[in-house]
Amino acid sequence: MKAKTTKSSDGDPVSISKWIHKFRQSKDDHTWWTTFGLILCLTMATRLYRLDSPDHVAWDETHFGKMASWYINRTFFFDVHPPTGKMLIAAFGYLTGYDGKFEFEKPGQKFDETHYLGMRFGCTMMGAALVPMAFITVWELTHALPAATFAAAAILFDNGMVTLNQYILLDPILMFFIMGAAMGQSKFYNQRHNPFTVSWWSWMAFTGAMLAGAISVKFVGLFVVVLVGLYTIKDIWDILGDLSYPISYTVKHFLARALCLILLPTVLYMFAYYVHFTVLSKSGPGDGHFGSAFQSQLEGNSLHNASMPREICYGAGVTLKNHRTAGAYLHSHPHLYPPEAGPVQQQVTTYSHKDYNNIWLVKRYDVDMPSEEEEAQPDFKPECVKSGDLIRLEHEATSRNLHSHRHPAPVTKRHFQVSGYGENGTGDSNDVWRIELVDGKEGDQINVVTDRFRLIHYMVGCALFSHNKQLPKWGYEQQEVTCNPNTRAEFALWNFEENYYDKLPNVSFAIYQPSFLEKFFEAHMVQFQGNAGLKPKEGEVTSRPWQWPIDYQGQWFSIGDPDKREPGPHKDHEIRIYMMGNPVIWWGNLGFIALYAVIYVWNFVSSARGVRESAQERVRKANLTYACNWLMLAWALHYFPFYGMGRILYYHHYFPAQLFISMMSGVLVNYMLESLPRAVPSFRVDQTWTAFAVVYLSILTYSFYLFAPLTYGMSGPEKKEPGHRYDHLLWMDSWEF
Amino acid sequence: MGTEAELRQRKGARGGQKTQDAVTGKVVQGDELVTSGLNTLKSLHQSLASQGSTGDQQRPAPTPRGRRLDVVAVLLLLAGLGTRLYQIDQPRGIVFDELHYGKYVALYMKQMFFFDSQPPLGKQLLAIPAYLAGFDGNFTFDRIGTPYPDTVPIELLRTAPAVAGALLLPVTYWLLLELGVSRGAATLAGVLILLENSLLTQSRFMFLEPFLMLFAALGVLCLARFRRCGERPFSASWLGWLVAGFAFLGAAVSVRYAGFLSLVLGWGLVAHDFWTLVPRPDVSGGQLAAQLVTRSALAVAVPAAVYLGSFYCHLAVLQRAGGGYDRVMSSAFQASLEDGLATLIKNQPVAVGHGSQVTLRHAVGRPCWLHSHGKPYPDEFDIERNSSRQQQVSCYSGKDANNWWIVKDPAKSHTRLVPPFRPFRDGDVVQLVHGITGNHLITSDGYRPPMSESADYEEVSCYTGTNTSIPKQDLWKVMIVNKKDTDGAWHAITSEVRFINQGNLNMALKFSGRRLPEWGNGQQEVVGDALADQEHTVWNVEEHRYLTMESNSDDERQLEVVSSDLIPMTEMQLSFWRKFAELQLKMLFNSQETVHGHTYATDPLEWLSLRRGVAYWISPDSNAQVHLVGNAAVWAASSAALLVYSALATLYLLRRKRACFDIPDAEWSKMCTVCRTVLGGFACHYLPYFVIDHTFFLHHYLPAYVFAVMLAACTVDHLNFVASHLGWRPLRLLLALAVLLWVAACGYTFVVFSSVSYGTTPLTPQQIKDMTWRDSWDFIVHKQ
C-alpha cells in the first residue's frame, strides 16, 4: 500500500499500475480491447514486414504455386494432399490477378513480373490470424487476460512461425483451420450452460466447419478432429451423468453434435472435392494416376468422348491397363530378353504411353479366331469373354502370344518371366491364361473399363503382375511385367481400356462416367497410395520427430540462387532464409511441459489425498487443469503420431503441435505469476508481478529480434566461412545458417 | 499344505533368503508324473492357492480353493504336453522360420558371432537343449523343406517350445482364477487354448512365440498375484511376486521386442494398483513414497537386469567370428572376436601417419570400403548431367586390392614413410592416394554425382590428370568424431573419421546409399555432401600398414609393405558395455529390408477374421503339409467375445452413470479387473501393430490372441452370472448347453485341422478343398 501512495504523487505510474491491475483482473472490456488491438498491430507488423522478399520461388512454393497455376488453368493434376488448401491459394492468386502462367519450376526462380504477392499475402493473412485466435482461445479457456497475452506473445514472437506463414504454403492454411477448430471448441464449451441457443449452435457449427477445413487441407488435420471428438465424448459423458435430465436430453445433445461435428464437416469435405473435380476439367499431368473411367471425363484425354464396344469378345483388339496408381499398359515389342534375363524370348513390359504395341488380340485357348468369312455370315454372333474362361492374348504387331513359364523374371527373381512366344499366333500350352473377374462370379460377362480382373497362368498358377520396377537399358527402362506366384498380390489386377471390334455396336464412353462418390473414393485410394509411397531412401537425411521439440535443425527456405552460387564473397542482395523456431520459446516450452507435469501430479495427488484448501484455490487449480490438459492433449495428438509414420517427415510438421504448447506456456506462466502471493510478502506482490511479466515479455521480444535475420533474410558469407555475421547465434552445432 | 507354504514364505522372509525361493518354493509334492518344471509351477500354484485361502479381507478374494484344483491344472498340462509333443520329430525337415532359428542355434553351438535384430533369450532357450543333446552345429539350414539328417537331434531342439506351449495352458487357467473368474470358465479357457490349432502349430517347431506367450502370461499372473498381497506391502511374498512378475516380463522382452508390449501392460497394471492406494487415508505419505520408489525401481531394474543378462550370455558365448555374420558390426567389434578380422589385423600398427596404407570402411550401416578402379566415369550420367570423366570412386562391399589407399602429407612429394614418424591428428589436412592407380581422391567441382539428385551433392573421383589444375581439391581435412578417446590422434580401427574437402565447398565424403548402374558394377555411390554432420559421412581405417620405400611403378607401390613394429597393436579388448551398446544400437537402427507383398503376409485387421494363414512346410512327395491356421470355432468366439464383452462393459458403464446399478458391485469390480488385465492385455498386444510399418504374419497376432481366448472364457463366465442373476433356470441350462455344443464344435474343428497342424497326414486334393473353409485360405496342393 505504501508503494502505491508514493507513486500516486507522480501521476503517470499510477495509471500504469492501475492499468496493470485491471489487466490482471481481466474484468474490463476496455483493457481487453486495448490488449487485443496491440497484439493485432504487432502481428501485422511482424507478418507483413518484407513479405515480398525473396522475390524468387522459396522452398515448397515450387509445388503449391504450381498447383495453384493448374487450378487457374483448370488442368487435372494429382497431389497427396486434399484440395482445399491449394484451391484457396489458387483463389488468392486468381483474385489478385495471377494468370497461372508462371512455371514455379524450382526454388530460386525469379518471379520478375508475376503477380505472386497476392498468394503470399493470402497465406500470410491466414497465418497471421493464428495470433489473435490463440489469444481468444486462451481467453476462453482461462478468462485471464495475462494468460491470453503470454500465449499470443509466444506465437507472435516465434521466428519459425513467422517464416512458415510468409510463403505460398499449405501450412498457414492448415494451422488456421486447426486453430479455428480449437477456438470454436473453447467458445462452444463456454456456451455449455445455455444449450440450444443461437450462439451455442453457431459456435458448434463453426467448429465443425473449421474441422472440415483442417482435414481437407492436409490429412494431419485428422488429429484436431480426434481432439474435438475426444472432448465431445467427455462432454456427452458429463451430460449423461446429470441425473436431473432425462436420457432423451442426452440423446438430443448427441444428435446435435452428430449434425454439426460429423455431418456438417463431412458434407463440407466432400464439397471441397466436388469443387476440385469441377474446376479441374481438362486433361493434365495427373491423368495417369487415375483409372480409365475417370480419365474419360477429362477434356483432352484420348478417352474423352471416345466410343467402343462394351463387351470384350473373342477377336477383339484390346489394351490392358494395370489397375493401380499410375498403372501402365501391357506392352510388347520385337526385342528379345537378353540371355542374363532368362530364356531369350520377346520382351513383355508395361508402358505408360499410348502406342500401337499396346494392342492385344483376345483369342479362345483352343480354337483360332473366327475367320473373316465366318464373321461375314449374317447369323454370326460374336462370342464374348466370361469370367473363368481360358484365353490367349496375341500381340497384334508381332503375332506372339502372352506366355509365361517357370523361369525367374528379369528383375524380381521370385516371380516368373513373362514373354511373347510362338509364331503367327501359334504357341504352346504355356500361353493359356484364365481370366478371373474381381467382385464377380464365374460366367459373368467382362466389360471394358469398369471390370477389374486377374489373369491366372493356367499351367503355373501365377498371376500376371506389374509394378514400378524398371527394366535396365535393354528393356528401354519400361516397367517389368512378371507372373507373381502370389495371385492375391495388390498389383495383379487389370482392366481393359480400349476395345476394337467392329462386329459389336459402339457405346459412348459417357456411360462409364463415374459418379461423384466413385471419383471421391478413387481419389482417396490414390492419395493414400501416394502418401505411403513417400518413403525415405537409404542414406537420405530425414528429419526425425525427436529433433523437433529441441529445435535441433531448421529448414532452408531460400539459399539465394543455387545456380549462381559462387565461391568468394557473397553479394549482399542474395538473401537467405532459414526457418527455425525461436529457440528461447521452444526450449522454454519444453521446460513448461515438465513443469506442468510436476504441478499436475502434485495437484492430483494432493486432491486425491484430500488435502484441505480454500474453495478459491480449488477453482484456480481446476481451471489450470482444464486449460492445460486440453492444450497438452492437443499437443500430444499433433506430435506423437509422427513417431509411427513411415513416410518422409519434415521439421515443419511440428508447428501445429508447437501452437498448442505455446498456448499452454501462456496459461502456465500466468498461473505461476498468480501463485506469487504465496511466495512474496503481500505488499511486494504487485511490483514482483509486473517485474516478472515485463521480463518475460522482454525476453520473448528480444530473442525474436535476435533471430529476426533468419526470418527476414540473412546475407554475407555462409556458416564457417570467414566473416560470417551470425556466429553469435549459432548456439547449436546442428544449426546450418 | 496351504499353511505350510505360508509358513515357509514367512520364514524365508525372516531369514533374509532370496524371495525367489519363497515364490517358486520347495513345496515339491510326491508327484513324479512330469518334469521338474511342472513341479515348480505346481508349487507356485499351491502357494497361490494357499494365499487365496488366508488372503486379505479388503479386496474381493476369490472363493477358497483346495488341492483338487490342481487336478484341472495337471490334466491341462498333460493334455498340452501330449498334443504338443506327439510326433515332435515330424515332419523331419526345416519348417518355416526354423531356417533362421536353427541357424542361430547352430552358431551358438559353434560359438560364432551372428547379428540378429531381435534379442537373444529365445534363441538361447532353443540352444540349451541342443547343447545338452550334444548337437555340434554342423548342419546348414539352407532352405525350408531340407530334411534333417540323424545328426540333428530335432526332437530335442523342438522340445523347449513345445513344453512352453504346454505350460501356457495351466498358466492361463491360473491367471483367470486369479482374476476372480469361476473355475469352470478358467478351465474353459485352458481347453480352448488346448484346442487352438494355431497355438499347437506354433508350439511344435523351433519358434520363439511360445516363450513369448508363456513369459507374458506368467508375468501377468505374478503381478495379479502381487496385487492380492497389497495389504502386506514389503512382505516377502509382495516383493517376490513383484520381482517375479517383472522378471518374466523382462524375459518376454528378451525373447522378442514384441514382449515390450507385455511389459507395458505390466507397468500399467502396477501403476493402476498404486493409484488405488493414493486416496486411502490409512496409507501414510511416507508409505506411498516408499511404495512408489520400490515399485518403479523394480519395474525398471528387474526387466533391465534380465535383458542385460541375456546379452551378457550372448556376448560371452559368441566369441568367434566366421561365416561373415559379423560384417554389420564395426571394425573394433569385429576385431574383438577371435578369428575373422582379428587375425587379419593382428600386429598392425595403430597410429596413422604419412605413408600409411589403409582401407577405409564406411562405419555406420551397410559395410563397404572406399574403392576406386582404373575406369573413368561415363561421359554423361543422364541427358542433363555430364560427368567429370575422371576415375570412378565407389564404396565396394567386398574385400579387394583396389580398396587400399595411401594417406599422404601434402607437404611431402613422396609416399614413403621416413623417420621421424609423425602421426596425423584431428584437424590435419591429408591427401588420399589410391594404392593401385596412384591417383588422388578429389571432389569434382561443379559436377553432380551419378545417382543422387540433391543439389548439395558433388561427384567424387580420382584425379587422372587429364583436366585443368585442381587447387586444394585433393586436400581433405581429417575430423575425428571420437577424438577424446585417443587424445586427438588418428588410430586405425577405433577412430571414426570424417574427411572434409578443402576445395571450395567443404564437401564431406559420404556414402549415399544408392547403387551405381552397370558401368559401376553395381557398387555403392560415394558423393561429396555439404552437410558434414550425419552418420553416413563417417569412415574408419580398418586394415593398416606402413609403406616405407619409395615406389614409382604401380606394382611396387602396392606391394612394398612391411608390417612394422613401430607401434604394435595390442589385442582389441572391448568391455561388455561397449559391445552391448554397439550391438543394441545396430539392432534398433538396422532397418531390415522387408519383403513387401509376401504371399502370406497379412495386416492386423485381417487377423480378427482369420482371413489368411501361413504355409509353413509341404512334403515334397505328398500333400502332407504344415499350415498355420486357427481353429475357426475358437477364433470366431474370441473375436465375438471382444465385441460382446466390451459392449456389455460399456453398457453397464453408461447405465451406472445414470445411477442404474444392474449388477452387484462384486461382479462389476470383477469385470473391471478383467477389462484391465485381459481386454487391456489384448489391446496392448494388438493395437500397436496398426502404427508399425512392417510386413506381418498371422503368428504376430498370437500373443494378443491368447488374451482374446481368455476373454471368451470371461464372457461365458459373465453370461452365466447374468443368467443366474436373472434367476430363470432354463436360461442357465440353455447357456450351458450352448457352451457345450460350442466346445464340441471346437473339438471337431481341432480334429479336422490337426492334419495341417501336425503335417503327418498325406492329404488328397479333395480333402484340402474340403478344408478350405474360407476362399482366402491358401493351402498348397501339388499339381498332378
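**Note on disulfides, cavities and a strand pair**

1. The torsion about the S-S bond of B:Cys368 and B:Cys395 is about 95°, so this disulfide is right-handed. The pair joins distant parts of the chain, 27 residues apart: B:Cys368 is in the loop between strand E1 (356–362) and strand E2 (369–376) of chain B, and B:Cys395 is in strand E3 (residues 391–396) of chain B. Their sulfur atoms are 2.0 Å apart, where a disulfide is a pair of cysteine sulfur atoms within 2.5 Å. Strands and helices here are DSSP runs numbered from the N terminus, with E of at least two residues for strands and H or I of at least four for helices. Both B:Cys368 and B:Cys395 are buried; buried means under 20% relative accessible area, exposed over 50%, and partly exposed in between, with a 1.4 Å probe and protein chains only.

2. On the basis of the values: this is a predicted model, in which local features need pLDDT of at least 70 and side-chain atom pairs count only at pLDDT 80 or more, while totals for chains, interfaces and linings use all residues. Residues are numbered from 1 along each chain as its sequence is written, chains are lettered from A and ligands numbered from 1 in the order in which they are written, and side-chain values use heavy atoms, with hydrogens and water left out.

3. Over all chains there are 3 disulfides. In chain A, A:Cys313 and A:Cys384 are bonded, with 1.8 Å between their sulfur atoms. This pair links distant parts of the chain, 71 residues apart: A:Cys313 sits in the loop between strand E1 (307–308) and strand E2 (317–322) of chain A, and A:Cys384 in the loop between helix H15 (372–376) and strand E6 (390–395) of chain A. Both A:Cys313 and A:Cys384 are buried.

4. A:Cys462 and A:Cys483 also form a disulfide, with a sulfur separation of 2.0 Å. The link of A:Cys462 and A:Cys483 is right-handed, with 95° about the S-S bond. A:Cys462 is in the loop between strand E10 (453–457) and strand E11 (463–470) of chain A and A:Cys483 is in strand E12 (residues 479–484) of chain A, so the pair ties together parts 21 residues apart in sequence. Both A:Cys462 and A:Cys483 are buried. With the bonded cysteines of chain A numbered in sequence order, the pairing reads 1-2, 3-4.

5. B:Cys714 is buried, with a relative accessible area of 2%.

6. A search of the whole structure gives 9 cavities of 30 Å³ or more. A cavity is a set of points, on a 1 Å grid over the protein atoms alone, where a 1.4 Å probe fits but cannot get out, and lining residues have an atom within 4 Å of a point. Points are joined across faces, edges and corners, and a volume is the space filled by probe spheres set on the points. The largest cavity has a volume of about 100 Å³.

7. The lining of the largest cavity has 14 residues, with A:Phe77, A:Asp79, A:His81, A:His276 and A:Gln527 nearest its centre. Helix H13 (247–279) and helix H16 (516–532) of chain A each supply at least two lining residues, and H13(A) gives the most, with 3. By class the lining has 9 nonpolar, 3 polar and 2 charged residues, where Ala, Val, Leu, Ile, Met, Phe, Trp, Tyr, Cys and Pro count as nonpolar, Asp, Glu, Lys and Arg as charged, and the others, Gly among them, as polar.

8. In chain B, strand E13 (residues 614–618) pairs with E14(B) in the antiparallel sense over 4 bridges; pairing requires at least two DSSP bridges between the strands. A hairpin of 6 residues joins E13(B) to E14(B), and B:Trp617 stands opposite B:Val626 in E14(B). Both faces of strand E14 (residues 625–628) are covered: B:Gln625 and B:His627 on one side, and B:Val626 and B:Leu628 on the other, are all buried.

Technical notes
1 Å grid on protein atoms, 1.4 Å probe; cavity = no way out; pocket = protein on both sides within 12 Å on 5 of 7 lines; lining within 4 Å.
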